[in-house]
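Please look over the chain shown here before reading the briefing, which goes through its fold topic by topic.

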Amino acid sequence: ATAVHAALAAARADVAFVEGAGGWLCPVNETETLADLAVALGAGVVLVVGLRLGCLNHALLTAAAIRAAGLPLAGWVANRIDPAMLLADENIATLAARLPAPCLGTVPFLGATPTPADVAARLAAGSLWAAP
């Protein structure tokens, strides 16, 4: 976590995105998780919700863990990883009503090899740093 923090400070960027693939409590070494990295950075968190059975529970538990760590949930993204998911729109509506952050976009199922541009075109990440 310290090396990443130093690299971000050296870059002197106005905005930096640090991807944490695997989930909030995914181990990154013998003693630390991605949550520890986010806390060390003091970073706001964007939660990506893979839309499938169990996603409501997963998203709400993760949002609670983010708040418990003292970090803001800056936003969330609905990711349609299961193109055949029943009631996907209803699940998105439930998340919108219960998560204390804005939905930054819905990414449709884009196949096995989506490009970053394919995904970025569906997001409103600019609203993360827009003036209130």
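Predicted model: local features only at pLDDT ≥ 70, side-chain atom pairs only at ≥ 80, totals over all residues.

Of the 132 residues in the protein chain, 25% count as buried, and among contacts with a separation of 6 or more, residues 24 or more positions apart account for 65%.

**The sheet**

- The three strands form an open sheet in the order S1-S2-S3, and their pairing is parallel; the edge strands are S1 (45-50) and S3 (103-107), each of which pairs on one side only.
- Neighbouring strands of this sheet are turned against each other by 20 degrees on average, if direction is ignored.
- S1 and S2 pair in the parallel sense over six bridges, and in this pairing Val-45 stands opposite Leu-73 in S2.
- In general, the strands of a sheet pair through backbone hydrogen bonds, in either a parallel or an antiparallel manner.
- Five of the seven residues of S2 are buried, so this strand is largely enclosed by the rest of the structure.

**Helices on the sheet**

- Helix H3 lies across S1 and S2, and its direction runs at about 165 degrees to that of S1.
- Helix H4 also packs on the sheet, where it touches S1, S2 and S3, and its direction makes about 175 degrees with that of S2.

**The pair H3 and H4**

- The axes of helix H3 (residues 55-68) and helix H4 (residues 88-98) come within 10 Å and cross at roughly 20 degrees; since angles under 35 degrees count as roughly parallel, H3 and H4 are therefore roughly parallel to each other.
- The crossing in which H3 passes H4 is right-handed.
- On the H3 side the contact involves Cys-55, Leu-56, Ala-59 and Leu-60, which meet Asn-91, Thr-94, Leu-95 and Arg-98 in H4.
- The residues of this contact of H3 with H4 divide into five nonpolar, two polar and one charged.

**Asn-91**

- Asn-91 has its place in helix H4, and it is one of the residues of that helix that H3 meets.
- With a relative accessible area of 13%, Asn-91 is buried, because values under 20% count as such.
- Apart from its neighbours within four places in sequence, Asn-91 is in contact with Cys-55, Leu-56, Met-85 and Leu-86; Cys-55 and Leu-56 belong to the H3 side of the helix contact described above.

**Leu-87**

- Leu-87 has its place in the loop between S2 and H4, and at 54% relative accessibility it counts as exposed, because the cut-off for that class is over 50%.
- The phi of Leu-87 is near 60 degrees, which is a positive value in a residue other than glycine.
- As background to that value, most residues other than glycine have a negative phi.

Terms used:
Residues numbered from 1 in each chain as written. Heavy atoms only, no water. Axes fitted to C-alpha atoms, helices over the stretch in contact; angles between N-to-C directions. Helix = DSSP H or I, 4+ residues; strand = E, 2+ residues; numbered from the N terminus. Parallel < 35°, antiparallel > 145°, perpendicular 65-115°, else oblique. Left-handed = near helix turned anticlockwise from the far one by under 90°. Contact = heavy atoms within 4.5 Å. Nonpolar A, V, L, I, M, F, W, Y, C, P; charged D, E, K, R; others polar. Pairing = 2+ DSSP bridges. Buried < 20%, exposed > 50% of the residue type's maximum accessible area, 1.4 Å probe, protein only.
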